[in-house]
Amino acid sequence: MTISNATLDAFIDDHLNEQETIKVEKAVRESPELQALLSSIIASRDMGDHSIGAIWRREHLSCPTREELSSYKEEALDPQRIDYIKFHLETVGCKACKANLSDLNCTKGSLKNADAHEKHRQFLENSKILLPKKQ
Amino acid sequence: MVSLDENMLVKKIQEGDQLAWSDLVLRYEGRLTNYAQGKIKDHASCQDIVQESFLGFLAKINNFDASRSVQSYLFGILSNKITDLLRRLGRSRAIETPVDSSGNHKVSPFIDPAMGASTWYRGDEKKKLENDALIKCLGLLINQFVQKKDYLKLKSIELIFVNGLSNLEAANILSIDNKTVASHRHYANNFIIDNLKKMNLSPSVFPHLSEQDQNS
Ligand SMILES: [Zn+2]
């Protein structure tokens, strides 16, 4: 694995898979050059300079829509699109799309037990007072 | 992508509509919880952190930029909150926060959990416009690949830009020639540069563009 600016950038966004993350961590720990590079990327992000990768990841620019993911599950898309979505999920490893897909696959919904339901109800009740006041 | 429906929901919440708020929470809770569960084992903490993210969203609702997708914005808030939580629990990667020569932790890029303008743009309106232009160019590029079903090019540049792979690594994954990947990268860079120029922006404000072409 070659560790370039773009790799470190993906590493900062926690986008790499577990294996790659371990490799980058180890390499950075052992190399003062990589440590300096990592710091400089963080510093330039702090100044508002973002790479193409950081912007692409943050805005989920190539993510299929929720509706498309639902059709993907049913295999109700053209084969090329299905192939691409599979690539986006498995090879690119998009965590947001994976989360969307598991949510779509979960028939019980995200609230798995009575406690979670109660917490959800209380949250809605308590957060309502924080809504902007109706004009 | 931003749906009209989503914008309407945000507008209603900005007007204090309780039903719209419940609707938004119900709509995004599941996917956000699943995302959190991929990173945090304790499911009760996941629900807490997702709820905190919704509160972060609500706190800044009046400044919400309608050109952004609600989902991306919420995932951004959540992801920063997870980083903060893992750091508090001491499970984060030590090198995430660089240390300066005197051993003090430098400020990380994850200061504002609501990912407001201050974190991404430091209140710099010019930088915001530049980044918005880049988002637009990338959107056009991706859309062109999808419309033309040119998925091989999309896969190449996604591996390079998003996963930070070299041309050779991307070529190996896609079982294609190294030179083909280089040509895809070159095409993407030119497309972005041309479109930035059309928007009267100088590509030189994005040093990454030339860097990434050399970095093959
Ligand atoms: Zn995705």
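**Note on helix packing and the zinc site**

1. B:Lys153 sits in helix H7 (residues 151-162) of chain B. Helices here are DSSP runs of H or I with at least four residues, and strands are runs of E with at least two, numbered from the N terminus. B:Lys153 touches B:Phe145, B:His184 and B:Tyr187, leaving aside residues up to four places away in sequence. Contact means heavy atoms within 4.5 Å. From B:Lys153 to B:Ile142 the C-alpha to C-alpha separation is 9.4 Å, at 11 residues apart in sequence.

2. Some ground rules. This is a predicted model, in which local features need pLDDT of at least 70 and side-chain atom pairs count only at pLDDT 80 or more, while totals for chains, interfaces and linings use all residues. Residues are numbered from 1 along each chain as its sequence is written, chains are lettered from A and ligands numbered from 1 in the order in which they are written, and side-chain values use heavy atoms, without hydrogens and water.

3. The zinc ion has four protein donors: A:Cys63 (SG), A:His88 (NE2), A:Cys94 (SG) and A:Cys97 (SG), at 2.1 to 2.3 Å. Donors are N, O and S atoms within 2.8 Å of the metal (3.2 Å for Na, K and Ca); water is not among the atoms, so sites may look incomplete. The site is tetrahedral, with angles of 107 to 115° among the four donor atoms. For four donors, that label requires all angles to lie between 85 and 135 degrees. The ideal tetrahedral angle is 109.5 degrees.

4. Along the chain, the zinc donors follow C-x24-H-x5-C-x2-C. A:Cys63 lies in the loop between helix H4 (52-59) and helix H5 (66-73) of chain A, and A:His88 in helix H6 (residues 79-90) of chain A, so the pair ties together parts that are 25 residues apart in sequence.

5. H5(A) also packs on helix H7 (residues 95-105) of chain A, at about 60° with axes 10 Å apart. Axes are lines fitted to C-alpha atoms, for helices over the stretch in contact, and angles run from 0 to 180 degrees between N-to-C directions. H5(A) and H7(A) are therefore oblique to each other. Angles under 35 degrees count as roughly parallel, over 145 as roughly antiparallel, 65 to 115 as roughly perpendicular and the rest as oblique. The zinc donor A:Cys97 is among the H7(A) residues that meet H5(A). By class, this contact of H5(A) with H7(A) has five nonpolar, three polar and three charged residues. Ala, Val, Leu, Ile, Met, Phe, Trp, Tyr, Cys and Pro count as nonpolar, Asp, Glu, Lys and Arg as charged, and the others, Gly among them, as polar.

6. Helix H1 (residues 5-12) and helix H2 (residues 18-30) of chain A have axes that come within 11 Å and cross at roughly 115°. That makes H1(A) roughly perpendicular to H2(A). A:Thr7, A:Leu8 and A:Phe11 in H1(A) meet A:Thr21, A:Val24, A:Glu25 and A:Val28 in H2(A). That contact has four nonpolar, two polar and one charged residues.

7. In chain B, the axes of helix H2 (residues 18-37) and helix H3 (residues 43-59) come within 9 Å and cross at roughly 135°. That makes H2(B) oblique to H3(B). Residues of H2(B) in the contact include B:Trp21 and B:Tyr28; those of H3(B) include B:Phe54 and B:Phe57. The contact has 12 nonpolar, three polar and one charged residues.

Methods. Four donors count as tetrahedral if all angles lie between 85 and 135 degrees; four count as square planar and six as octahedral if opposite donors are over 155 degrees apart and all others between 65 and 115; anything else is irregular.
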